[in-house]
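Open the model in your viewer and keep the sequence panel beside it. This tour says what to select at each stop.

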Amino acid sequence: MSQRCTHLDHVHAVTPKTPNGCEECLATGSGWVHLRLCLECGHVGCCDDSPNRHATKHFHATTHPVMRSFERGEDWGWCFVDELFMEPAPEATAEPAPKAAAEPAPGATAASAPRTAR
Ligand SMILES: [Zn+2]
Ligand SMILES: [Zn+2]
Ligand SMILES: [Zn+2]
């Protein structure tokens, strides 16, 4: 059975911040093998075959779960949390908010919803 990524609400129509390459590698003058694009914030990082693995480091630093390949001709995505490969890459949904059926209804007050975590 194929898994489903539960983080597609983190996927946005992002604009790559550094379309010319990995943000950190450009800053340090380092090199990369392949590029990955964070679909939550538009960060461009290098893949795990690269010396510095900035895409994975970006996930650990920000917990942005979903990235896609930023290589021309490649159309796939990866969820770091589910460790799930998605092809084609997930796209931002146009719908405003899917039916929130994920959380069980709390019996009493919903005052302390842990939703505003930053
Ligand atoms: Zn996921
Ligand atoms: Zn890099
Ligand atoms: Zn990000």
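**Tour of the protein chain**

Start with a cartoon view. From the N terminus on, the elements run α-β-β-α-β-β-β. That comes to two helices and five strands; helices (H or I, at least four residues) and strands (E, at least two) are DSSP runs, numbered from the N terminus.

This is a predicted model: local features need pLDDT of at least 70, side-chain atom pairs count only at pLDDT 80 or more, and totals for chains, interfaces and linings use all residues. Residues are numbered from 1 along each chain as its sequence is written, while chains are lettered from A and ligands numbered from 1 in the order in which they are written.

**Strand β1**

Select residues 35-38, strand β1. Both of its faces are covered. Leu35 and Leu37 are buried on one side, Arg36 and Cys38 on the other. Buried means that 20 or more other C-beta atoms, placed from the backbone, lie within 10 Å of the residue's own.

**Its two partners**

Strands pair if DSSP finds at least two bridges between them. Click Leu37: its bridge partner in β2 is Val44. Five residues lie between the strands of this hairpin, and Gly42 takes a positive phi near 85°.

**Zoom out**

Show the whole chain. Of its 118 residues, 27% are buried. Among contacts (C-beta atoms, placed from the backbone, within 7 Å) with a separation of 6 or more, 45% are between residues 24 or more positions apart.

Key: A residue is buried if 20 or more other C-beta atoms lie within 10 Å of its own, exposed if 12 or fewer, and partly exposed in between; C-beta atoms are placed from the backbone. Two residues are in contact if their C-beta atoms, placed from the backbone, lie within 7 Å.
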